[in-house]
Amino acid sequence: MNAETQVLFVSNSAADELVLNTLLARDPDGGTLVTAVADAQAFYDAVYSERHFHIIIVDDRQGWSDWKTVVTACARQRPNALLLLLVAEEIAAQQVPVLAAEVAAVYPRNSAGLVAMSRLIRQVSARDRNFSLHRDHPKAGTDESAVQDQQRLVYSVSHDLQDPLQLARRYAEVLHDDFAGELGEPGAKVLGHLQFNLNRTQEMLDELLDYSRLQSSSPDRRPVDLNELLDEVSKIYKLTLQEIGGSITRANVLPVLAVDRRQFLRLFQNLIGNAIKFRGEQPLHITVRAQKVRDEWRIGIKDNGIGIVEEDAQRIFGMFERAASADGYPGSGMGLAICKRIVQNHNGKIWVRSTPGNGSVFIFSIPQAEQAAEVMTA
Ligand code: ADP
C-alpha cells in the first residue's frame, strides 16, 4: 500500500480546504495528501480514476448535486474508503448517529469538527504506517509522542491561520468602509455576518494560540496569596456583579501557594467568568473554599447556576467542547481546556461536580511541597 494516506475532499469551501490542509500539514510523519474537488467534473474524474483514496470527506452543501447522490456514488465506486460527512452544526448537534448507512462518521462544519476529523485522519494515516494505536494498551513512548503531535498541531493551526484570517478580516473591513453604499441592505447584512464570524474565528484562534503557549511554557512558580488574587478577580467582575445582583464569597481563608501568578489569575478569571455566564434565574452566589487534603490543596468554586449533566462533566474540559446547555450562551469552549492546562502545569487535577439546575462546583487540586507550606505559615 502507498505509505501516503490519500484523502478526497468533496467541498466547494476553499476555507475548509485550507484549514484541513493546515491541520494535516504539520504531521511530523508527513503522509497525508488531500485532493479537493469542487465541481461535478472534478468529482467524477476523481472517483472514476485509478487513484486509491483511503478517506473521502463529503461536505453536505454541494452546489452541483445533493450530498446523498455524492455519497452513493462514493460508496459504489469506492467501497473500501472511509466515508466522512461534514454537516451544519445544528444537524451534528442532534447527534443523529448515521445520516446514511454508507457514512462512517458525521462532523460539524466548524473548527471543532475539522480538528476532530483531522485527528481521525491522522490516526488512520498512522495505522496505515503500521503504528500501534491501541488506545487501551498504549506502548511505552506512544503517549508522549501523541502529546507532542498534538502540541505541534495546536501551535501550527493557531499560528499559521493568523495571516490568512487577518487578510480576510482586512478585506471585509475594506468592503465595509469603502463599498458599503454599493452593497445595499442585503449585502451589508451578509457582510455583517461575515465580519461577526471572522471576529469569532479570530477569538478562537487567539485562545488556541494561548493554549498552545501554555503547553510549552513551564510555570514561573512564586508564592501567591490566593486571597489577594481572588480580590483582584472580584474587582474585574465588580460592575457585572453589581449589574446582575451577584456576589462572590470566600468561605474560609485561602492559602498562599507556590504557583504562576499570571496563570492562576487566568484560572480564577475563567472559572468565575463561567459561573457568571452560566448563571440561573435566581441571584448568583459564588463561593470559593479551600481545603487541605493530605499533601495537596483543593480549591472549590461553587455557583448556583444552570449546572451540567453528568454525561458532559468530563468532556467540557476538552478543546472547543461545550455542554448542550451552553447553546445560546456566547463562548468557544476553550476556557476550561485552558484551566485544565494551567492546573496540569502545576501537577494538579481539575474536575466538576454538578446538579443540573442547581449549580456546579469546579474543584482543582494543587500538590504543595514542604517549601510552599513554609511560605504559607510564614
Ligand atoms: P465557553 O464558556 O467558552 O463555552 P468553557 O471551556 O469555559 O467554554 O466551558 C465549556 C462548557 O462547560 C461551557 O460551554 C458550558 O457548557 C460548561 N460550563 C462551564 N462552566 C460552567 C458553569 N459554571 N455552569 C454551567 N456550565 C458550565
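Reader: Is R341 buried or exposed?

Author: This is a predicted model, and in it R341 has a relative accessibility of 16%. Buried means under 20% relative accessible area, so R341 counts as buried.

Reader: Where does R341 sit, and which residues does R341 contact beyond its neighbours within four places in sequence?

Author: R341 belongs to helix 12, which covers residues 335-345.

Reader: How should I read the burial pattern of a helix, and which residues of helix 2 are buried?

Author: The general idea comes from the helical repeat. An α-helix has 3.6 residues a turn, so residues three or four places apart point the same way. In helix 2 (residues 40-47), the buried residues are F43, A46 and V47. Viewed down the axis of helix 2, these buried residues fall within an arc of 90°, so they line one face of the helix.

Reader: What do the buried residues of helix 2 pack against?

Author: They pack against strand 1 (5-10), strand 2 (32-37) and helix 3 (67-77).

Reader: How many helices and strands are there in the protein?

Author: There are 13 helices and 12 strands. Of the 378 residues, 42% are buried. The accessible surface comes to about 20,700 Å², and carbon and sulfur atoms account for 50% of that area.

Reader: What share of the contacts joins residues at least 24 apart?

Author: Take the contacts between residues at least 6 apart in sequence; 71% of them join residues at least 24 apart.

Reader: How many salt bridges does a search of the whole structure find?

Author: The search returns 10 salt bridges. The criterion is a side-chain nitrogen of Lys or Arg within 4 Å of a carboxyl oxygen of Asp or Glu. One of the pairs is D210 with R266, whose N to O distance is 3.2 Å. This pair links distant parts of the chain, with D210 in helix 8 (residues 180-216) and R266 in helix 11 (residues 261-277), 56 residues apart. D210 is partly exposed at 27% relative accessibility, and R266 is partly exposed with a relative accessible area of 27%.

Reader: Which residue forms a salt bridge with R298, and what is the accessibility of each partner?

Author: The partner is E296, at 2.9 Å from N to O. R298 is partly exposed at 24%, whereas E296 is buried at 17%.

Reader: Which residue does R315 form a salt bridge with?

Author: R315 forms a salt bridge with D312, and the closest N and O atoms are 2.8 Å apart. R315 has 32% relative accessibility and counts as partly exposed, while D312 has 9% and counts as buried. Elsewhere, salt bridges that share partners join D59, D60, R61 and R109 into one network.

Reader: How many disulfides are found?

Author: The search of the whole structure finds 0 disulfides. As for individual cysteines, C74 is buried with a relative accessible area of 1%, and C339 is buried at 0%.

Reader: Which residues does H285 contact, apart from its neighbours within four places in sequence?

Author: H285 is in contact with S247, K302, D303 and N304. With S247, the side chain of H285 makes a polar contact of 3.0 Å. H285 lies in strand 9 (residues 285-293) and is partly exposed, at 45% relative accessibility.

Reader: How should I read phi, and what is the value for R294?

Author: Most residues other than glycine have a negative phi, and most peptide bonds are trans. R294 is not a glycine, yet its phi is positive, at about 50°. R294 lies in the loop between strand 9 and strand 10 (296-302) and is exposed, with 70% relative accessibility.

Reader: What is phi for F320, and is F320 buried or exposed?

Author: Phi of F320 is near 60°, again a positive value in a residue other than glycine. F320 sits in the loop between strand 10 and helix 12. With a relative accessible area of 11%, F320 is buried, whereas R294 counts as exposed.

Definitions and conventions:
Residues are numbered from 1 along each chain as its sequence is written. This is a predicted model: local features need pLDDT of at least 70, side-chain atom pairs count only at pLDDT 80 or more; totals for chains, interfaces and linings use all residues. Side-chain values use heavy atoms; hydrogens and water are left out. Helices (H or I, at least four residues) and strands (E, at least two) are DSSP runs, numbered from the N terminus. Buried means under 20% relative accessible area, exposed over 50%, partly exposed in between (1.4 Å probe, protein chains only). A disulfide is a pair of cysteine sulfur atoms within 2.5 Å. Contact means heavy atoms within 4.5 Å. Accessible areas come from the Shrake-Rupley method with a 1.4 Å probe; for residues, only the protein chains shown count as cover. The arc is that of the directions from the helix axis to the C-beta atoms. A polar contact is a pair of N or O atoms within 3.5 Å; within protein, one must be able to donate a hydrogen and the other to accept it, and residues adjacent in sequence count only if both atoms are side-chain atoms.
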